Amino acid sequence: MRLPAATANAISDDASRLVWFAEIQFDSGTVRVHTDIGEITTLGQTWVGLGALAGIGPLEETTTLTADKIDLRLSGLDDSIVPLVVDENYRFRRVAIYLAAMDPRTARLVEPPTEAATGMMNGHSLPVGEEGGDTLTLTVEHELANLKQSSGRLLTSEHHQVDYPGDLILEYLPQVAKAKPVWRGTGGTPIRSNRRRVLGGFTVPGLS
């Protein structure tokens, strides 16, 4: 992450304060919050302040492509936001995190927020009754984490039909795996099918 010069200088000034912004995308809409107070209009959007009730886990930059994760802690949320996580399929929905510096004298951002990290939601916790109120924690992982997730798809004709309706290439796969092919006319049990073609001595169904 490379900050604009004005933001970097402001961060080094003890009088300035950091403001984190989080843009969380759900199927039913996008939630935009920040760690200061009140509403802030920037990047063409209005962001709702959660103040000290919000927090973002440490961001680490690495020299390799790793699937690091970030904990996004949100408390004091509007009652309409929590059901988005509880009721919707929020996993693998995009989250973008931005950083900016605020001038305490003017209560304005020194520069528009700079994107600090992006990722996908892949977990949450919602402890109830903690001191300070209920806190929603979203686990945000790098997009590369998706490469480690199993798709749940199998090499079967049924799953193949989802992407290629009507394609029969896998229809006889179980029979082929168990068949004893006829090789150069020496014994074996050929697969019986109304649609078959002999290729190199093998009886292969589904080909015409």
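The largest cavity holds about 40 Å³ of space. A cavity here is a set of points, on a 1 Å grid over the protein atoms alone, where a 1.4 Å probe fits but cannot get out. Its volume is the space filled by probe spheres set on the points, with grid points joined across faces, edges and corners. The structure is a predicted model: local features need pLDDT of at least 70, side-chain atom pairs count only at pLDDT 80 or more, and totals for chains, interfaces and linings use all residues. Residues are numbered from 1 along each chain as its sequence is written, and side-chain values use heavy atoms, with hydrogens and water left out.

**Cavity**
- The structure holds 1 cavity of 30 Å³ or more.
- The lining of the largest cavity consists of W20, F21, A22, V33, H34, T35, A54, G55, I56, L72 and L74; a lining residue has an atom within 4 Å of a point.
- Strand 1, strand 2, strand 5 and strand 6 each give at least two residues to this lining.
- By class, the lining has 8 nonpolar, 3 polar and no charged residues. Ala, Val, Leu, Ile, Met, Phe, Trp, Tyr, Cys and Pro count as nonpolar, Asp, Glu, Lys and Arg as charged, and the others, Gly among them, as polar.

**Overall fold**
- The chain has 4 helices and 12 strands. These are DSSP runs numbered from the N terminus: helices are H or I with at least four residues, strands are E with at least two.
- Of the 208 residues, 32% count as buried. Buried means under 20% relative accessible area, exposed over 50%, and partly exposed in between, with a 1.4 Å probe and protein chains only.
- Among contacts between residues at least 6 apart in sequence, 49% join residues at least 24 apart. Contact means heavy atoms within 4.5 Å.

**Nonpolar cores**
- The largest nonpolar core has 21 residues, and those with the most contacts inside it are I24, F26, L72, L74, V95, M121 and L138. Such a core is a set of buried Ala, Val, Leu, Ile, Met, Phe, Trp, Tyr and Cys residues joined through side-chain atoms within 4.5 Å.
- Elements that each supply at least two residues of this core include strand 1 (17-26), strand 7 (94-103), strand 9 (114-125) and helix 2 (82-87).
- A second, separate core has 8 residues, including V19, F21, A96 and A100.

**Aromatic cluster**
- The whole structure contains 2 aromatic pairs. Rings of Phe, Tyr and Trp (its six-membered ring) pair if their centres lie within 6.5 Å; planes under 30 degrees apart are stacked, over 60 edge-to-face, and the rest tilted.
- F21 and W47 pair edge-to-face, at 5.3 Å centre to centre and 85° between the planes.
- F21 sits in strand 1 and W47 in strand 4 (residues 45-49), 26 residues apart.
- F21 is buried, with a relative accessible area of 1%; W47 is buried, also with 1%.
- The W47 and Y98 rings have centres 5.9 Å apart and planes at 75°, so this pair is edge-to-face.
- W47 is in strand 4 and Y98 in strand 7, so the pair ties together parts 51 residues apart in sequence.
- Ring pairs link F21, W47 and Y98 into a cluster.

**Two aspartates**
- D36 is in the loop between strand 2 and strand 3 (39-42). D36 is buried, with a relative accessible area of 10%.
- Leaving aside neighbours within four places in sequence, D36 contacts R17, V19, G49, L50, G51 and M102.
- D13 lies in the loop between helix 1 (5-12) and strand 1. D13 is partly exposed, at 32% relative accessibility.
- D13 and A101 are 88 residues apart in sequence and 9.8 Å apart in space, C-alpha to C-alpha.

Key:
1 Å grid on protein atoms, 1.4 Å probe; cavity = no way out; pocket = protein on both sides within 12 Å on 5 of 7 lines; lining within 4 Å.
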